[in-house]
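Please examine the sequence and the structure shown here before reading on.

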Amino acid sequence: MQYEPPVLESAAGPHTIINGKEVVNFASANYLGLIGHEQLLRSCASALDKYGVGSCGPRTFYGTIDVHLDCEDRIAKFLGTPDSILYSYGLSAMFSAIPCFCKKGDVIVADEGVHWGIQNGLYLSRSTIVYFKHNDMESLRNTLEKITTENKRAKKLRRYIMVEAVYQNSGQIAPLDKIIKLKEKYRFRVLLDESNSFGVLGKSGRGLTEYCGVPIDKIDIITAAMGHSLATDGGFCTGSARVIDHQRLGSSGYVFTASLPPYLASAAITAIDILEDNPSLIKRLKENTAILWKGLSSYHHSTLPYSYSTFHLCNQVEPTLLQVFCSNDNQYLQTNVVKPEPIIELKKISKCPGVKNN
């Protein structure tokens with residue numbers, strides 16, 4: 001029987017309409033509940049009046065609009081990096097930035113649980129890919145050790161570690177402090193995807209670096225999609241001016257694609273402003289997460305392993321509804337369920353000379 005995904009007949013907020021019936025939406029990545037926020041709507045309406053809908057051109061050929069530059073500056077200022085670059089599509093930030101820097105002959109050590117967008121970027125890079133066990137630092141250490149000691153050419157190769165901040169497939173958080181120690185010991189560069197942590201992790205929502213207390217300049221390349229916490233679309237990469245300038249010349253998703261519609265860039269700026277001015281959003285998210293997790297643990301008569309995948313279930317839903325959902329009288333509460341992506345098939349990975357893949 002073929003699966004038919006539900007069709008929403010209203011905005012994908014905490015409450016939505018499916019088949020004419022209002023339901024509680026537990027499947028959206030609208031982590032902070034900004035979909036339908038009045039300030040975002042006003043920002044989009046103002047940008048539509050000023051710029052129209054699309055740009056009808058790539059950034060390198062009359063597709064750069066002043067609001068794009070404003071958005072890049074706002075992201076860099078919020079995260080504390082020298083510069084940022086916008087992409088029109090969230091996943092294109094990953095599968096364009098990776099092959100922009102990683103080429104044939106380079107070595108990328110990647111977590112086996114990375115999401116499809118990263119997997120695609122790894123494939124397009126044509127680099128030698130070596131996977132380590134999911135979020136296992138001992139496996140990562142052993143892999144880096146083998147590459148640097150058993151491969152005589154290792155010191156002459158460009159070497160990268162590819163991880164997610166919050167893994168989309170498992171909800172686990174990467175131990176960035178340990179990863180940085182291994183990076184510095186074995187002299188690798190780190191590529192970090194913050195799609196599911198930007199606007200969520202850390203005291204002010206600045207992501208995994210803030211959450212782990214790691215200076216952001218320790219990370220060589222950071223990418224993120226803006227279709228989650230910011231409730232807009234597109235993606236970005238942030239880092240040093242050299243890292244960003246290189247992408248403006250050689251990143252396919254930036255050079256050959258029509259630029260991000262200006263109203264979405266305007267919405268992203270406004271969403272960051274809201275996040276910065278309202279730290280209570282993150283506090284409420286954590287409170288809702290705790291309520292739901294406690295209720296589910298009690299309902300299943302066991303302690304569930306805590307992970308931030310529950311952010312999918314807690315976007316600005318009223319705490320009373322979460323408590324009802326976790327009670328025995330939840331037959332009247334209808335929810336959507338999103339099936340997670342499968343972990344990659346390890347049979348398809350390429351091999352690095354002198355290294356046994358985990």
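## Aromatic rings and their partners

F198 counts as buried because its relative accessibility is 3%; buried means under 20% relative accessible area, exposed over 50%, and partly exposed in between (1.4 Å probe, protein chains only). F236 is likewise buried, with a relative accessible area of 1%.

The model is predicted: local features need pLDDT of at least 70, side-chain atom pairs count only at pLDDT 80 or more, and totals for chains, interfaces and linings use all residues. Residues are numbered from 1 along each chain as its sequence is written, and side-chain values use heavy atoms, with hydrogens and water left out.

Rings of Phe, Tyr and Trp (its six-membered ring) pair if their centres lie within 6.5 Å; planes under 30 degrees apart count as stacked, over 60 as edge-to-face and the rest as tilted. By this rule there are five aromatic pairs. Two of them are tabulated below.

| Pair | Centre distance | Plane angle | Class |
|---|---|---|---|
| Y87 and Y254 | 6.4 Å | 75 degrees | edge-to-face |
| F198 and F236 | 5.3 Å | 70 degrees | edge-to-face |

Y87 belongs to strand β3 (residues 83–87) and Y254 to helix α9 (residues 252–255), so the pair links distant parts of the chain, 167 residues apart. Here helices (H or I, at least four residues) and strands (E, at least two) are DSSP runs, numbered from the N terminus. Both Y87 and Y254 are buried.

Ring pairs also join F78, F198 and F236 into a cluster. The charged end of R206 sits over the ring of F78, 4.2 Å from its centre; this requires NZ of Lys or CZ of Arg within 6 Å of the ring centre and within 35 degrees of the ring normal.
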